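Please keep the sequence and the model at hand while reading.

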Amino acid sequence: MDPIEDFSKTESPRMEEVQVLEIRHRIYHLDVPEDVEDDHFNDLNWDYRANSSPPIRKRGPKADDSHEGIQFQESPYEEVRAAAPTTDDPDMLVNTFRVWFLGVAFAVVIPAFNTVIRLRYPFVIISILLVQIITLPCGKFLQWALPKYRVSAFGFSFSLNPGPFTVKEHCLIAIIVNIAINGTAMTDIASASRILYGHRWSVGSQVLLGTTTQFIGFGLAGCLRQFLVWPANMIWPGLLVRCQLLSTMHGNYGKGDTAHMSRERFLYIAIACSFMYFWFPGYLWTGLSVFNWVCWIAPNNVVVNSLFGSLSGLGMGLWTFDWAQVTTFGNPLVVPWWAQINLLGGFLLVVWIICPILWAKNVFYSQYMPVAVFHAFDNTGAPYDLTAIVTNGTFDLAKYEKYSPMYLPITYAVTYGIIFATFPALLVHTFLWYGKEIYHRVGKTLEDEKDIHSVLMCKYPEVPHWWYIVIGAISFVLGIISIEVLHIGLPIWMFIFSIILGFIFIIPVGIIQAITNEAVFTEVLSEMIGGYIHHGHPVAILVFRTISGSVVGGSLNFTSDLKFGHYMKIPPRLVFIGQIVGSMVSLFVSIIAQEWALDNIPDICKPHQKSFFTCPNLDTFLNSSILWGGIGPKRFFSPGATYSPLTWCFLIGAFLPVPFYYLAVRNRTSYWRYVHVPLALTAASSVPPLNGINIMSLILVGFLFQHYIRRYHKGWWGRYNYLLASGLDAGVVIALVVIFFSLQFPRGGITVKWWGNTVWQNTADFKGTPLKTLPTGQIFGPSTWP
């Protein structure tokens, strides 16, 4: 029985609480449950008002054209109702020659470009939003150019041009490319080994191990469907932007326009305005991007620059005029308002209160380093020279003892503590809030789901679990073979342990990403654990980190596209094939592209490379390999080490979710339900490289759109909010590509030299000036170190 209908007929001891929730929702438009007892107590995006509409009569789990089996005519989630189509045409073209031609072509060109261009600074990558925009004219061109000729081969027959280019074709191309767009993590291992340790991997070796890193997560993705894809409450907010973009570009598929500006027109206006505007913060007046305006007033005051700077400071300037900077914590038009408040709370407490206090007291010798930069220093205050402690590709203890211990800026050090707290908090939070739901979903099938999207998807054959298991088993076997054949130095039991470690966090991390659009990265935890149990093998730790990270990140990347296909009603078996094809193509292409770049670009990855191919993204990877695989976590975090107090954060993180959970349970209509400790810690662990202008800009824009407009102008919000999000993002990406290739890339680049582009560079913030400096020959910290 419908909960509202049930309460209207009977008196319940909880009726007063339900009325309180309903009134509060009408006032604030917060996401509150329709049943304070159990059903949606842990569902922070549930739209209470959706249950006031009459449900469709339920007569069985199977779907047909009358929508039998659907509990509600529309999704109970306002975000989903605004973006995902609730109609389907099973006869619509989807498996066509155009899909595989364009999908494979993009999966070749885009990963190759992105892999090479990441080796340059500055760089711009081609994003999936840009791919979705350029796919439509390409598909329409093939619709016009290809002959309507039927081809027969290998027992199959298909038409080159079966009819109009459809939204489902468009969606399947996007799924193929999205899996391929970032290439493979294997390229990071190979480049780090080659640059820092002088060891060159052959293409065949990279493909062998890369197949494992690429597909080990795919094998697990199929087992996550009943937890992260089929349930309606796993909304994946970021996908809704892509859904509405596709629907709009194809004439509002599933939606109609009456008496309003058409969605297509609004989208293209947003893209054009974003494109034109970005030229100011992105090129003509770059001071608008970093916007460390207080530092312009006092450019040489180290305290002011450390607090208000946005390059090596805490970013207390509050604002940036660069949309690319605004969205670094997440798109404020997409991330739910309650999630943004959690991000703000964690950031303010840790970064703007705790870190300044520790810095003022010179904890961890932090005054000898900039406050917030993303690299390590030696005991003279100079950037740490990793090559000074490496001999023949391995960590050299004698050189390390002669050179210096590694020191971290205060925000960098505290970040490790926050990361240590995040993982136990994540496990405890998931157990308390979602443990019962996860238990009950074991063994569930798509037919058990009652929302309209799941019922419509019941028309298509699902992918059997054993298909995914076979892919996972093949990846596992290839991983063992590669470790044994390539002599990586990683024991087989550690390879198995890396998979188990990643598997533990898949569902907790996936739930956060599915309900908030915020990702939690597990690489630091895997590096620390790997460094403790297998110290002195940097490359082996890189492999351990990559495999464990691929289990979590890779599986969730595949899972998110399964949900994308779910929303857009793409047959699951075609999604399965498309993801395999995209992954395999990108694996080969990205490896070959990087090998070409490393072999043919002179002085690549050198600080003064003439075309700026300095490999900036490899710094973190190289630092990690030395920190965890060479120096080792024992010298950082064991009792008596400089950063040993940070290990208490494991215990603190495990405790933090408990009181908030019990406060919420005791008063189910209170705002304690919205306190999400792991999410709050995620924001605090993102500094550096992010800072205050990023989070405060996110909150200001989020308040306008996710709170004010959603509250007072709900019709506009439902029609245009996600289109505006995709339009602003797409405009920035297009502008970045144009600026990069027309002005920054040719002949060393063309710059506009004037006050607006130099004032922020003439500051202590830009220079990374520490509060204290040492005379030549002196050091800070102990004179001997472990």
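**Exercise 1: a nonpolar patch**

Y277, F280, L284, F321, V752, W754 and W755 make a nonpolar surface patch of about 640 Å². The model is a predicted one, in which local features need pLDDT of at least 70, side-chain atom pairs count only at pLDDT 80 or more, and totals for chains, interfaces and linings use all residues. Residues are numbered from 1 along each chain as its sequence is written, and side-chain values use heavy atoms, with hydrogens and water left out.

Task: state which helix gives the most to the nonpolar patch, and classify L284 as buried, partly exposed or exposed.

Solution: Helix α11 (residues 263–284) gives the most, with three residues. L284 has its place in this helix α11, and it counts as partly exposed because its relative accessibility is 33% (buried means under 20% relative accessible area, exposed over 50%, partly exposed in between, with a 1.4 Å probe and protein chains only).

**Exercise 2: aromatic pairs**

Task: describe the geometry of the pair F329 and F347, and decide whether both residues are buried or exposed.

Solution: The structure holds 54 aromatic pairs (rings of Phe, Tyr and Trp, the last by its six-membered ring, with centres within 6.5 Å; planes under 30 degrees apart are stacked, over 60 edge-to-face, the rest tilted). One of them, F113 with F741, is tilted, at 5.4 Å centre to centre and 35° between the planes. F113 lies in helix α4 and F741 in helix α31, so this pair ties together parts 628 residues apart in sequence. The pair F329 and F347 is edge-to-face, at 6.4 Å centre to centre and 85° between the planes. Both F329 and F347 are buried.

Conventions
Patch = residues over 30% accessible without salt bridge, like charges linked within 9 Å, V, L, I, M, F, W, Y side chains within 5 Å. Areas by Shrake-Rupley, 256 points an atom, 1.4 Å probe, with all protein chains shown as cover. Salt bridge = Lys/Arg side-chain N within 4 Å of Asp/Glu carboxyl O. Helix = DSSP H or I, 4+ residues; strand = E, 2+ residues; numbered from the N terminus.
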